[in-house]
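Reader: Before we discuss the classification of individual residues, may I see the sequence and the model?
Author: Both are shown here.

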Amino acid sequence: MAHPPVFYAKVSALCFMAGGAMELFMIKTGFYDKVTEIEAARLEEARPEREAFLRQLRADIEEQAKARNVTVHLPPVSAGEGQGDD
């Protein structure tokens, strides 16, 4: 049994209001600020490992290019890439 279009409009409006209320609650309680802090801390903890991986990847690419006698134009090394504690 199909419902009339007005039923779907009411359900959509109700869901929209519920979603908006949840977003408002998360904004007012500082949820997004806390998530941003946690994400920044997680990225900072993983930074040395990520930079070591990028250094190794760059060295491997340069080595393979040299072995094949090919010129590779890699982007310049970023300021913090070569240093462990930026």
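Reader: Why is L54 called partly exposed?
Author: In this predicted model, the relative accessibility of L54 is 35%. Buried would require a value under 20% and exposed a value over 50%, so L54 counts as partly exposed. L54 belongs to helix α2, which covers residues 31-67.

Reader: What makes the nonpolar surface patch that includes L54?
Author: The patch is made by F53, L54, L57, I61, V70 and V72, and its area is about 480 Å². Patch residues need over 30% relative accessible area, a cut-off that L54 passes with 35%.

Reader: Why is A21 called partly exposed?
Author: The relative accessible area of A21 is 46%. A21 lies in helix α1, residues 5-28. From A21 to V35 the C-alpha distance is 19 Å, with a sequence separation of 14 residues.

Reader: How many helices and strands does the protein chain have, and how do you know that the chain is more spread out than a compact globule?
Author: The protein chain has two helices and zero strands. Its radius of gyration is 25 Å, whereas the globule rule gives 12 Å for 86 residues; the value is well over the rule, and the chain is therefore more spread out than a compact globule. Along the principal axes, the C-alpha atoms fill a box of roughly 70 × 35 × 20 Å.

Reader: What percentage of the residues is buried?
Author: Of the 86 residues in the protein chain, 5% are buried, that class being set at under 20% relative accessible area.

Methods:
Residues are numbered from 1 along each chain as its sequence is written. This is a predicted model: local features need pLDDT of at least 70, side-chain atom pairs count only at pLDDT 80 or more; totals for chains, interfaces and linings use all residues. Side-chain values use heavy atoms; hydrogens and water are left out. Patches are made of residues with over 30% relative accessible area and no salt bridge: like charges are joined within 9 Å, nonpolar side chains (Val, Leu, Ile, Met, Phe, Trp, Tyr) within 5 Å. Accessible areas come from the Shrake-Rupley method with a 1.4 Å probe; for residues, only the protein chains shown count as cover. A salt bridge is a side-chain nitrogen of Lys or Arg within 4 Å of a carboxyl oxygen of Asp or Glu. Helices (H or I, at least four residues) and strands (E, at least two) are DSSP runs, numbered from the N terminus. Buried means under 20% relative accessible area, exposed over 50%, partly exposed in between (1.4 Å probe, protein chains only). The radius of gyration is taken over C-alpha atoms; the globule rule is 2.2 Å times the number of residues to the power 0.38.
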